[in-house]
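Hi,

Here is the structure I promised to pass on.

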Amino acid sequence: MSLNIGIIGLEMSGRTTIFNCLTSSGADTGRSRQEEHIGIARVPDERVDRLKELFKSRKAVYAEVKYVDLGASLKSAARDFNLSGKLLSELGAADALLCVVRSFKDESVPHPQGSVDPARDIEAMELELNFSDLAIIERRLERLGIQLKSARSTERPGLEAEAGLLGRIKKELEAGTPLRRQPLIESELKTISSYQFLSLKPLLTVVNTGEEDLGSTVEMEEALNRRFGDKCHRILALAGKLEMELAGLDETSRQDFLSDFNIAEPGLQKVLRASFDLLGLISFLTTGEDESRAWPIPRGISAPQAAGRVHSDIERGFIRAEVVSYPDLMRLGSYPAVKKEGLFRVEGKNYIVQDGDVINFLFNV
Ligand SMILES: Nc1nc2c(ncn2[C@@H]2O[C@H](COP(=O)(O)OP(=O)(O)OP(=O)(O)O)[C@@H](O)[C@H]2O)c(=O)[nH]1
Ligand SMILES: [Mg+2]
């Protein structure tokens, strides 16, 4: 499973620059180049490297995140219906949204609002997401109204319940509460899941900072998170242009660069970690002669479901899972040593997989 994150933001906010920095790509930036770019970031994972070494696997396979830089902004989509259909369906398919907001100051780069104000732009982007959901709801309510007129008595309750729910969330959206902050129970979430509402998606706002902000990024992040952050919206600062240059350097120069500019953690790692947290993802590990590999999964899934990520046959024919925790395996250095300590576990189909479980699935098809 690769995660799919859609990049949105105002024109010339630095979306393509941030995309390049996350995926080590070299897409052209500037001059309003509103083209779509797709790139993959491998999630660096030291555990995979060390397992590969210990078990002499032929290759290391990391979790992947797919970033889509859509080019067009939501604002232009609102003006152009054809664009809006394509953009909405691409964004609708994303697991999370990454919104780039400009904070860098540069006279030579025009800002569509005429001035640089990250807080104003975050607010505006949140509103755009709410508006896009409101438009979908209004269209659906209209259709429901027509359907209800000719509905059979057996269909009526379902349609009425849906209209009631949509009416309720519409009111909240109009009052400025995005869907991800509305109290929705599981059955309601299921009813609305096919609409792919944008304000329901986890949102990561990346404030694209310039060199002039480097001394104050921590304070900036804290203030913006206090004002806009919630359990599914996190705000991060990233020096996009600087870090894009970083991606092209060798390891030693990269370290020097990071310390010269007082950057504690490279942007790619910071964004990946926040995306994993925001989406509630953990990883389990597999290892063998062929490969050592990390598998991202949502927190709380069972061993057979996790097995299904590796192959659907393994889920279908699941017998049991042999589980060792990564820290135990590394501390003791081998399976026999782990067994001797009694830390080798055999788990059944109700076992909830934990972050860092090294798993061997036994199955029968
Ligand atoms: N000084 C400075 N310029 C930046 C920074 N980030 C981006 N830029 C410049 O801003 C311009 C726009 O950057 P892009 O990454 O193309 O922005 P975008 O949002 O993809 O723009 P469009 O897709 O054309 O709307 C480019 O000229 C970048 O070089 C930054 O941190 N500092
Ligand atoms: Mg661009």
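The second largest pocket holds about 390 Å³ of space. (A pocket here is an open set of points on a 1 Å grid over the protein atoms alone where a 1.4 Å probe fits, with protein on both sides within 12 Å along at least five of seven lines; lining residues have an atom within 4 Å of a point.) Its lining divides into six nonpolar, two polar and three charged residues, and among them are Asp95, Arg180, Phe197, Lys201 and Cys232.

This is a predicted model, so local features need pLDDT of at least 70 and side-chain atom pairs pLDDT 80 or more, while totals for chains, interfaces and linings use all residues. Residues are numbered from 1 along each chain as its sequence is written, and side-chain values use heavy atoms, without hydrogens or water.

Now the cysteines: the whole structure has zero disulfides (cysteine sulfur pairs within 2.5 Å). Cysteine 232 is in none, as the nearest cysteine sulfur, in cysteine 99, is 16 Å away. Cysteine 21 is buried at 5%.

Last, helix H12 (residues 303-310) has Ala303, Pro304, Ala306 and Ala307 as its buried residues. They sit on the same side of H12, because they cover an arc of only 155° around the axis. They pack against strand S8 (281-287), helix H13 (312-316), strand S10 (318-325) and strand S12 (357-363), with contact meaning heavy atoms within 4.5 Å.

Cheers

Definitions and conventions
Chains are lettered from A and ligands numbered from 1 in the order in which they are written. Buried means under 20% relative accessible area, exposed over 50%, partly exposed in between (1.4 Å probe, protein chains only). Grid points are joined across faces, edges and corners, and a volume is the space filled by probe spheres set on the points. Ala, Val, Leu, Ile, Met, Phe, Trp, Tyr, Cys and Pro count as nonpolar, Asp, Glu, Lys and Arg as charged, and the others, Gly among them, as polar. Helices (H or I, at least four residues) and strands (E, at least two) are DSSP runs, numbered from the N terminus. The arc is that of the directions from the helix axis to the C-beta atoms.
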